[in-house]
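Please look over the structure shown here together with the numbered points that follow. They are intended as a colleague's note for a reader who is new to structural description.

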Amino acid sequence: NLDTSAGVEDIEYTITVTDAAGATLRTEDGYIDFIAAGARTGVASQMFLDEGQVVENVDIEWTYYMDAVGSDDTPFTFENSRYYFDPYWDRFTTVMTNTSSSSFTNVRVDMIAFDANGMVVGGGYTTLNFIPGNSQAGLSVNGFVSDDPVTYEFFPKLSLLSNESNDSDPF
């Protein structure tokens, strides 16, 4: 979000991939709840193409509401991240720490990989089903990268599917 004074919310996007002739190969729709003023987020997507199809262009269209107030801060941090090459599905692992006393379910974690020039070279995502309060969980993300990543970032997201509970309250 390039606006440093207000957030954006209810972000709907459509990704369209086309070939050299401009023919649409695939589309995907997605949703992001909120991005705080001046903040950034990462969202990974996977599209499977038919054999022989080659993507020439990726277009992303956005609709959103401006001047939103709120916070997209989560109590999650990441450490001990690793990348493992695989010719079919690259794997990224990390330890996710929940610094809150609350437990959470259904936390989506997107991972974006970058090359030495800071260009995106791939990504992936997974859903962590459960993480207890003041605890850690190992996380593995299957993804794909077009070149060896130099850095990668994890972006946790709470959504309408997520639940938060303090440990004295059952879900």
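1. A term for burial comes first. A residue is called buried if its relative accessible area is under 20%, exposed if over 50%, and partly exposed in between (1.4 Å probe, protein chains only). Lys 157, with 17% relative accessibility, therefore counts as buried.

2. The model is predicted, so local features need pLDDT of at least 70 and side-chain atom pairs count only at pLDDT 80 or more, while totals for chains, interfaces and linings use all residues. Residues are numbered from 1 along each chain as its sequence is written, and side-chain values use heavy atoms, with hydrogens and water left out.

3. Salt bridges are the next topic. The term denotes a side-chain nitrogen of Lys or Arg within 4 Å of a carboxyl oxygen of Asp or Glu. Four salt bridges are found in a search of the whole structure. One of them joins Glu 153 to Arg 40, with the closest N and O atoms 2.3 Å apart. Glu 153 belongs to strand 9 (residues 151-157) and Arg 40 to the loop between strand 2 and strand 3, so this pair ties together parts that are 113 residues apart in sequence. Strands here are DSSP runs (E, at least two residues), numbered from the N terminus. Glu 153 counts as partly exposed because its relative accessibility is 27%, whereas Arg 40 is exposed, at 52%.

4. Which residues are linked in a network of salt bridges? They are Arg 108, Asp 110 and Lys 157. Between Arg 108 and Asp 110 the closest N and O atoms are 2.7 Å apart; between Asp 110 and Lys 157 they are 3.2 Å apart. Asp 110 lies in strand 6 (residues 102-114) and Lys 157 in strand 9, so the latter pair ties together parts that are 47 residues apart in sequence. Is Asp 110 buried or exposed? Asp 110 is buried, because its relative accessible area is 0%. Arg 108, by contrast, counts as partly exposed at 28% relative accessibility.

5. Arg 108 also takes part in a contact with a ring. Its charged end sits over the ring of Tyr 125, 4.0 Å from the ring centre. For this description, NZ of Lys or CZ of Arg must be within 6 Å of the ring centre and within 35 degrees of the ring normal.

6. Aromatic pairs deserve a point of their own. A pair of aromatic rings is described by the distance of the centres and the angle of the planes. Rings of Phe, Tyr and Trp (its six-membered ring) pair if their centres lie within 6.5 Å; planes under 30 degrees apart are stacked, over 60 edge-to-face, and the rest tilted. The whole structure contains seven aromatic pairs by this search. Among them, Phe 78 and Phe 154 are stacked, at 5.3 Å centre to centre and 25° between the planes. This pair links distant parts of the chain, since Phe 78 is in strand 4 (residues 76-84) and Phe 154 in strand 9, 76 residues apart. Phe 78 is partly exposed at 23%, and Phe 154 counts as buried at 10%. The rings of Phe 92 and Tyr 152 have centres 5.1 Å apart and planes at 70°, so they form an edge-to-face pair. Phe 92 lies in strand 5 (residues 90-98) and Tyr 152 in strand 9, so the parts tied together are 60 residues apart in sequence. Phe 92 is buried, with a relative accessible area of 0%. One aromatic cluster is formed by Phe 78, Tyr 83, Phe 92, Tyr 152 and Phe 154.

7. Asn 80, in strand 4, has a positive phi of about 55° although it is not a glycine. Asn 106, in strand 6, has a phi near 50°, again a positive value in a residue other than glycine. Asn 106 is partly exposed, with a relative accessible area of 30%.

8. The last point concerns Ser 135, which is found in strand 8 (residues 135-145). Which residues does Ser 135 touch, not counting residues up to four places away in sequence? Ser 135 touches Met 96, Thr 97 and Asn 98, where contact means heavy atoms within 4.5 Å. Ser 135 is partly exposed, with a relative accessible area of 23%.

Notes. Helices (H or I, at least four residues) and strands (E, at least two) are DSSP runs, numbered from the N terminus.
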